[in-house]
Structure formats: structure tokens, C-alpha cells
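Here is a short briefing to read alongside the model. Please keep the sequence and the structure open as you go.

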Amino acid sequence: MQKNNSHTVIETSDLCIGYTSKKEINEVSKHINVRLESGQLTCLVGRNGIGKSTLLRTLGKMQPRLGGDILLNKKSIDEFSRNDLAKIISVVLTEKIPPSNLSVYELIALGRQPYTNWIGKLHESDLNQIAEALEQSHLSELASQRCDKLSDGQLQRAMICRALAQNTGLIILDEPTAHLDIQHKIETFKLLKKIAHHLNKSILISTHEIQLATQMSDKMWLMTEDEIISGKPSELIASDKINLIFDSNSIFFDKESGQFIMK
């Protein structure tokens with residue numbers, strides 16, 4: 001059952017994202033005004049190269065914004081130390097973890113780093129949080145397995161589990177289903193939606209799985225060259241805004257079948 005105590009976790013005001021170098025400023029997107037609510041799965045969609053990863057990294061303060069404001073729990077994101085931020089936002093990127101002898105349990109335990117002292121000693125509260133994350137992700141039976149022995153789907157679930165162990169109100173994931181087969185794509189979406197609803201988390205994912213996004217997400221952010229359009233999937237479909245995802249007049253969303261088709 002979805003909890004009803006929804007609140008705004010993060011919101012932007014005229015946010016400008018991009019990159020700076022010694023010679024120039026490269027604006028990727030500007031005038032971004034969006035917000036994320038707790039207890040919701042939000043999917044960020046848009047064509048390749050539009051700036052989805054740049055936006056996610058900026059919201060997670062992994063790269064500086066070029067302008068505008070980001071409010072986290074109604075406070076400027078600049079007011080949070082790196083460690084305090086790690087207790088509010090967890091980020092799962094597409095980069096694979098380097099080869100190691102880490103077990104699934106040890107990987108997930110890394111999510112407790114913001115809470116442990118400088119020696120990294122786990123206390124009872126940390127152990128309880130890890131155990132709960134394992135149960136919620138259905139990974140308890142694989143806890144002793146080495147990470148390099150996991151399938152792509154299992155490893156992605158372990159990365160999500162690590163974010164759960166971090167116990168943040170906001171979880172940001174960049175293309176979490178990119179290398180998965182259709183079964184694991186669906187299972188990942190279902191797990192993320194369950195986490196959002198049952199644990200009252202705000203979950204933001206970038207994805208190219210447009211079909212799954214329209215079916216599974218509570219909200220969608222549709223990123224175009226000019227703006228980000230936010231709304232429920234049904235609203236974006238009814239207004240035909242969903243068709244802006246593709247830079248082509250030959251692909252459109254058929255409302256009767258609920259699928260994208262070619263003209």
C-alpha cells in the first residue's frame with residue numbers, strides 16, 4: 001500500500017546545467033523547473049545526447065550547476081556537506097564496479113559509509129539496515145556470493161540494494177536497465193516502484209525504456225531541446241506531448257494500443 005505522507009524532496013528553479021572549460025561555457029539545458037515528490041517513481045526520458053545524465057549528476061551534486069537553484073528538503077543544496085548529502089541522496093550510475101573479491105554483502109555494506117566512523121565499523125543499526133535492504137531486494141540468499149559471479153540483473157539489484165542500505169529519501173539511477181534482458185528490465189521497474197510506494201522514497205531514473213516508463217512510472221520528465229515537460233504518463237499521452245520523445249515524424253504513440261508505432 002502506498003503511503004500518503006508525500007512531500008517535495010527536491011525542486012529546481014531556473015536550473016541551468018552543462019559544462020565549463022577554460023575557454024567556454026557549454027549550456028546543455030536551462031530554465032529547468034521541476035520537482036520530485038516522495039513515494040513516487042519518476043522516469044526521465046528523452047533522445048540520446050539530450051542531457052539526461054548531466055541533469056542527474058547535477059541534481060546529485062556530482063557536477064556543479066551553471067545557474068539557478070536546487071532545493072533539497074526546502075534548503076539550498078549548497079548548505080549540505082558532502083557527508084550530509086550522502087544521507088539524503090544515493091546515486092546508482094551505469095558504470096560497472098571494478099573487478100574485486102567483494103561479496104554481495106560487502107558491496108551493500110558500503111552503503112553505510114556515511115553513517116560509520118572513520119574506521120568504517122558497522123554498528124547494530126547498520127547491520128539491521130543492511131539486513132532490511134537485502135530482504136527488500138530479495139538478495140538474502142546471494143549475500144555471500146562474490147559480485148563478479150552475479151548476472152547483470154543480479155548485480156543491478158545489488159546496486160539498488162546498496163542504495164537502500166544507504167537509507168536516503170532520494171535515489172537517483174542512470175539507465176538502471178541498460179544491459180538487462182526484458183525480464184530483468186520489468187523486474188527492476190517493479191522493484192523500484194515497490195520501493196518508492198512502500199518505503200515512501202523518491203526515485204528518479206533515466207531510461208530509454210519508454211514503453212515501461214509509460215506503464216510503470218507515477219510521473220515522467222520528458223526532456224526536449226527547449227524544456228522539460230513534467231506530468232503523469234496519462235497526461236503526456238492525452239496531450240500528445242509523449243511524441244516529442246522522438247525526433248521523427250514517422251514514430252508516434254498510438255493511444256488505442258498503448259504502443260509506439262511507425263507511420
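Predicted model: local features only at pLDDT ≥ 70, side-chain atom pairs only at ≥ 80, totals over all residues.

Strands here are DSSP runs of E with at least two residues, and they are numbered from the N terminus.

**T12 and its strand**
- T12 sits in strand β1, which covers residues 8-20.
- Buried means under 20% relative accessible area, so T12, with a relative accessibility of 9%, counts as buried.
- The T12 side chain comes to 2.8 Å from the backbone oxygen of I32.
- Beyond its neighbours within four places in sequence, T12 touches I32, N33, V34, L59, D69 and I70.

**Helix α6**
- Helix α6 is made of 18 residues, 182-199.
- From first C-alpha to last, α6 reaches 25 Å, close to the 26 Å expected at 1.5 Å a residue.
- Which residues of α6 are buried? They are K185, T188, F189, L191, L192, I195, A196 and H197.
- The cover over these buried residues includes the helices α4 (124-136), α5 (152-166) and α7 (210-216), and also the strands β4 (40-45), β8 (170-174) and β9 (202-206).
- After α6 comes N200, which has a positive phi, near 60°.

**N243 and its loop**
- You will find N243 in the loop that links α8 (233-238) and β12 (251-254).
- Leaving out neighbours within four places in sequence, N243 is in contact with F252, F253 and F260.
- How far apart are N243 and F189? They are 54 residues apart in sequence, and their C-alpha atoms are 22 Å apart in space.
- F189 is itself one of the buried residues of α6.

Definitions and conventions: Residues numbered from 1 in each chain as written. Heavy atoms only, no water. Helix = DSSP H or I, 4+ residues; strand = E, 2+ residues; numbered from the N terminus. Buried < 20%, exposed > 50% of the residue type's maximum accessible area, 1.4 Å probe, protein only. Polar contact = N/O pair within 3.5 Å; in protein donor to acceptor, adjacent residues only side chain to side chain. Contact = heavy atoms within 4.5 Å. Expected span 1.5 Å × (residues − 1).
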